[in-house]
Each structure stands twice: as structure tokens, then as C-alpha cells.
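Please keep the 3D view open as you read.

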Amino acid sequence: MKKTATTGFSRRIFLGAAVTAAGFALSGCGGGNPPAAGGPVELNFVYWGDSNRAKMTDAAIRIFEEKNPGITVKSEYQDSGPYADKLATRFAGGNPPDVLAMANRSLLEYAQRGTLADLKTLPELNLDKVPDTVLSRGEVDGKLYGLATGVTTIGMVVNKAITDQAGVAIPDDKTWSWDDYAKFATEVTQKTGGKVYGAGYDVSTETGPILLARQRGEDFYTEDNKLGVSEDTIREWFQYSVDLRNAGGYPPAGFFEQIGGSAAQSYLAKGTVASQIIPINNFKAYNEAAGGNVVLLRMPGETTEKRRGYSADPTMLWSIAAKSKHPKEAAKLLDFLTNDSDGAAETLTQRGVPINPDVAESITAKLSPGDTAFVNMMAAIQEDELPPAYVYPKGASVVADTLKQLATEVEFGRVTPADAAKTFIEKSNAAINK
Amino acid sequence: MSVLTKQAPGAAATIAAGPPGRRKQGSPRRRNQRSGYLFLLPWFLGMLFTIVPFFASLYLAFTDYNLFTEPNFVGLANFQAMAEDPRLGQSLKVTFIYTFVSVPISLAVALLIALVLNRGLQGLAIYRSVYYLPSLLGGSVAIVMLWRYIFGNEGIINGFLGLFGIAGPAWVTDPNFSLSTLIVLNVWTFGSPMVIFLAGLRQVPTMYYEAASIDGASRWRQFRSITIPLISPIIFFNLIMQLIGSFQTFTQGYVMSGGTGGPADSTLFYNLYLYQKGFTEFEMGYASAMAWLLLMIIAIFTAINFIASKFWVFYDN
């Protein structure tokens, strides 16, 4: 033994520790166990949303359980982000829920991998009252993989308390153009001395460019499940926000930290922006969060561009797992969610206007003024014939992510709208055609 | 001095050897080995749970596994696709910048604070805990959320800058700053290397410093010629562990960007991209291949470090 001090460490310890730490990089996920059969049927029902949505859904489920003795429903809900992650792992682990909520952009990711049941093969689900235009949004190759939970669309909400105080008149939304909206937004910023920005919509959500593409005579996603939007339209969409920012109507880069969150956390509610684009089934929540003097408007450009951009879109879709052990009972639950007025009396327009017109009719009297405004606008935009819209293709979630990424690059001036549009088309096509 | 040398292994051997005289004990070396394996037992048990996914992922790396349908063998297709994937390049860039900026800084800060604490402050235990605390919390979701607010547009950082009339940038949402914000967060969690440094510093015999002082060596000279060589194995250990840890960063990027790696992929850590590939794009085969590339990268950097260590790490045993 040498008579010197050491710290008691050796090479071997380092090697062991390093290899252990590196090994953790490779551990994946495990599987799940199938539930035991026998006795009354228990359905697993999952969806995303907040506690308010859950409260309304639970009330409807209790009615379903009363009407269907022998079936109990175990429901779970989460925010949309973690929901999507958990859903993927449950399917991968061979333990999918029976009935589930599905985002438009994810439907074919799942369906074209054989994980979802064809709803047309389930006689317990009555589709007689559902319009074809709604069915087509969950259909591919003649098979129905997703059924709209209800329909909604996007709209412009303006905080009238702010515009009144600033003395800015809100243009007529039936005829306003994109230029009118830009002028209006810029004027609000000017007249509030820059305290409030006139426009505060989210450039990176695909529903905006989808509408613009339709107005310009293009289908963002085509009937044969391809990307149909032109590079020019995407460039225009980006350029519009850049011009509006330069004019002062739109906040500077980096202003929005958590756009697209809940109504209560929105910039409209904070009073730092005067207008925002929202899915209009959320109008009531935004109106309440922003002080109750919010008006719901149509999107600009509906009469000034080539054609109407609006479509009645599934708020989200219901699907049944192909591997569900109880497809009959799952179909019964889905039938209840679609066609039962008593259930709808509890959930109201929480997930959009019910797709069965009779059910939609039956709840009108129960709606609050905010929800009535939403339902009326849905009805009004459908009075004219609207161009058809199609199911989102496989790869649509990559398209959405690409748009988000490029919108930020444009926001901070790291790429030009023209280059961003070019990249968008390339990356989106690659994802869809893969 | 010699007590210092063998203190830890000796103590371990006493525990592991059991009641004396029951039967003939092996040589001290054998006994040491046995106790060594005993201490490694938890790791072996844990390994049972990682070994299956470990080899499964090796297999899946050569398939087109998409989570839902049976995997098909595709040879090296995943690795070829990786070579042409611009986002993979971006994720490597983010991870490398993060690692090579934050690891040296956090080690330097850890050593500095450890040196200060080692001078025998009053209430050392309290300081030690206070500085160690961020390490326990730094990887947690709550702290990353807190970080978002501290660095947010209306957060205290920009509030403070505002006092001096400086309009701070959007630390979190500006792609030019978002990664730096996470690097600062990582540096802030210098606590665990600090505690290890502190333990090392306490084992450097004071007689060396006394002898050096008598010979007229300056503090800086003492630090360079006594402290650094004697704790070099610990610096090495911390370096390796920090490198491996930061190559595998996930939580910070995931929480800060809401899972997207944004703004504009500026916080797209390698593991975050791997996760997106596996669980949002359902390309688990590709994600598995990515995991093996990361293992290779970590192995190469660790190997380089081990080779380089021959020239600067001083082992006394």
C-alpha cells in the first residue's frame, strides 16, 4: 500500500456508471393487460377536454347507464397534448379504449393502420339522420372510421368593450375583406395608443390557412387525401401577418407565449388584443373570460375572394377501436352520443352542434345566449351552399407541426414568407405521400 | 493517510463478510469482490427491466415498426433515412450546443461553489442543501414551468431589465434565445456535481497545503498543483456524468415548448425528436434507430474522454 492519499475513486467505477447511465437511453415502453371478461360490460371511454366538459359528459353518461343496464362506462379525460400521447401508447400496447375522441388530423394516422373499427359495420349505431357532408369527414375508401362529435367552424371574436372605448367601428362581417380586417386592426392599435393590438389571431393553426385556401378556390386537403393548397396561398397567409405586424395591427414577434390555450388564458381575456380567431363552439367561454361584451363575427373574405371558405367541420371525431372487446356496447354508446336527445341535453354544444338535426333542434331552448350565438352562426353560414371539404390525410399532424414551426421562423424574420411557403409545401407533401 | 486510502472498501467488506468464523473466509480480495457485487445487486435487478426493451429496440431499429402493426425487417433503411433527415440534424445541433456550452459552465460553477463551501463556513450544511436543491428540482416539470414564467415577457428577468430601461427579449418564444434560457436552467442545477466536488475536496489532506505554504506557493499555485490533480478523478467523473445526462435531455425541452421542440425547432433536443418520431409520428422503428445512434454518440464521447483522461487525470492507487 502506497503511503499517499487518494480520493478512493477508480476507473472501473466510472466505466460502470457511464454504461449504466447510457443504457437508460434505450429503455422503451411496456405493454398492458387486457381487462378480464365476464359479468356486466365495462366500456372504457376517453376524450380530451377540461373539467367543465367532463362534468357535462359525466351527466350524459349517467343517463346512458340508466338506459342500458349491464353496461358501465369508465371515462377518462386529459388535456389534448398528453391525451394524444397516451392514446398512441395505449394502442401500441394492445390495450386501446373502446370509445375515444379523435382529432381530425390524427384520424387517418390511426385508421390506415387498421386500428379503428368501420362504424358502418355496427348495426347498433344508427346513421340515418347524419348528413353525408358530415359522414364524409370521417370516411376513407368507403369505410367510416370517425363520426363527428358535432360541427363547428372558426370565427373572429372582437372585444367590443375595447373597440367602443377606442371609438373604432367594427366593419360589417358579412361583407368584410381581409384588407378591411387589417385596417380595422391597425386602427384599434393606433387609437388605443398601442396598449391593445387590434389583431391577435394564431398564425400557426391550420384552420386559418384551410379557410383561406378554400376562399381562393383550392382545397387544403383534397378528396383523394393529398395536399391541395398552393404555395402562393401559404405565402399569402404568412405575408398577411407580416404586413399586419409592420402596420402595427398585430403584436411584435415573441409577444405571444401561450397562444391557443384556454379561453381564460387567452390574450383576448387579458385585454391585450382586441380580436382573435377561435373555434366558435368556444365562443361562450371566450365571451365570459373577456368580460361579456365580445361579438362573434364571420371570418373576413367570405364575399370578397373567389368563393366561400367556410365549411361545417367536425369539432372532433368519435372512433371505436378495432380491438375493442365490446364493439356492440361501444356502438350503443356512440349511438347514444349521436342520437339521444336526453344525453345531448346535458352535453349541449360542448363538442359542436349535434350532427343529428333532430337532436340539435331539441336542445336549442336549453342553450345560453353565448351558445345560441354559436348555433345561429353555424346555421347562417350553411344557408348558402358551401364547397365540399374532406377528411384530413395521413401525415396531417406533421403538416400542422410544420406550419407551426415555419410560422415562428417567419414571425422572427428568420425566413421570408416565400421561402417558408416553399418549405411548407415540400415538407407537407413528403409527410402525406410517405 | 492510509486510513483515508482504504476506508470505504474496508467498511464495506466488514458488512458483507457476515459473522466471522462461520467458515473459512476467502482472501480479502475475494471478500471485496463479493461485497462489490452485493452493492451492484440493485443495478442488476434494475437491469432485468431494461434488458428486454434494450434488445427489443435494437431489433426494432432495423424494422418499419409503427406501433400498431407487425414490424417488417427493412435493413438499414432507417439509418439511411436518418442521414437525410434535416430535423435530425437540427436536433443534434441543439443537443450538442446545449451540452458543450452548459456542461463546462456548470462544472466550473459547481467547483467554484464547492471551493467556497469547503473553506469551512458557518452553517455549511444549510448552504450545501440550498445549493443542492435545484439539482433535485431542475429536471422537474414544475421548475421548468416556473422557468417559463421567470423568463416570460412579464417575468422577473424582463421586469428587472425594465428597471434599467432595457427591453428584454422574448426569452422563451424567440428562437434566438430559447435554447440559452434552457442552458441557464441547466447551469443552475450544478448542485449534484458540487456535492461530489465537495466530498472530493474534503479528502485532500491539508498537510499538502501547509507544506506548499511554507515553500511560498500562492493560493492559485496551490489550487493548480494540489487541488486540481488530487480531485481530477472527480472532475472526470462529473464530466462524464454531466455529458451523458445532457445528451439525454428531454424534460426541459418538452415542457418549455409544450412538446413541440419550438419555437422553430430551437429546443428540439435529440430525445425530444426521438419521442416525437415514436409517439406522434408513429415511426417507432426510426425512433429506435435514433436511440442507437445516441448510444453510439454517447459511447464515442465517453471513450474519447477516457482516452484523454490518461493525460490529465491523476490516479494515486
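## Two domains in chain A

The C-alpha centres of domain 1 and domain 2 of chain A are 28 Å apart. Domain 1 covers 41–149 + 314–380, and domain 2 covers 154–310 + 395–433; such bounds come from an automatic or database domain assignment. This is a predicted model, in which local features need pLDDT of at least 70 and side-chain atom pairs count only at pLDDT 80 or more, while totals for chains, interfaces and linings use all residues. Residues are numbered from 1 along each chain as its sequence is written, with chains lettered from A and ligands numbered from 1 in the order in which they are written.

Where the domains of chain A touch, 14 residues of domain 1 are in contact with 13 residues of domain 2 (contact: C-beta atoms, placed from the backbone, within 7 Å). On the domain 1 side, helix 15 (residues 369–381) of chain A gives the most, with 5 residues. Helices (H or I, at least four residues) and strands (E, at least two) are DSSP runs, numbered from the N terminus.

## The sheet of chain A

Next comes an open sheet of 5 strands in chain A, ordered 2-1-3-12-6 with mixed pairing; strands pair if DSSP finds at least two bridges between them. Its edges are strand 2 (71–78) and strand 6 (147–148), each pairing on one side only. Strand 1 (residues 41–48) runs parallel to strand 2, joined by 8 bridges, and A:Val41 stands opposite A:Ile71.

Strand 1 of chain A also pairs with strand 3 in the parallel sense, over 2 bridges, with A:Val46 opposite A:Leu100. Strand 3 and strand 12 (residues 317–320) of chain A are antiparallel over 4 bridges, and A:Ala101 has A:Trp318 as its bridge partner. In strand 3 (residues 99–102), A:Val99 and A:Ala101 on one side and A:Leu100 and A:Met102 on the other are all buried (buried: 20 or more other C-beta atoms within 10 Å of a residue's own, with C-beta atoms placed from the backbone).

## The nonpolar core

Which residues have the most contacts inside the largest nonpolar core? They are A:Val99, A:Leu107, A:Val157, A:Ile320, A:Leu333 and A:Leu334, in a core of 177 residues. A nonpolar core here is a set of buried Ala, Val, Leu, Ile, Met, Phe, Trp, Tyr and Cys residues joined through C-beta atoms within 7 Å. Leaving aside neighbours within four places in sequence, A:Leu334 is in contact with residues including A:Val99, A:Trp318 and A:Ile320.

Key: Two residues are in contact if their C-beta atoms, placed from the backbone, lie within 7 Å. A residue is buried if 20 or more other C-beta atoms lie within 10 Å of its own, exposed if 12 or fewer, and partly exposed in between; C-beta atoms are placed from the backbone.
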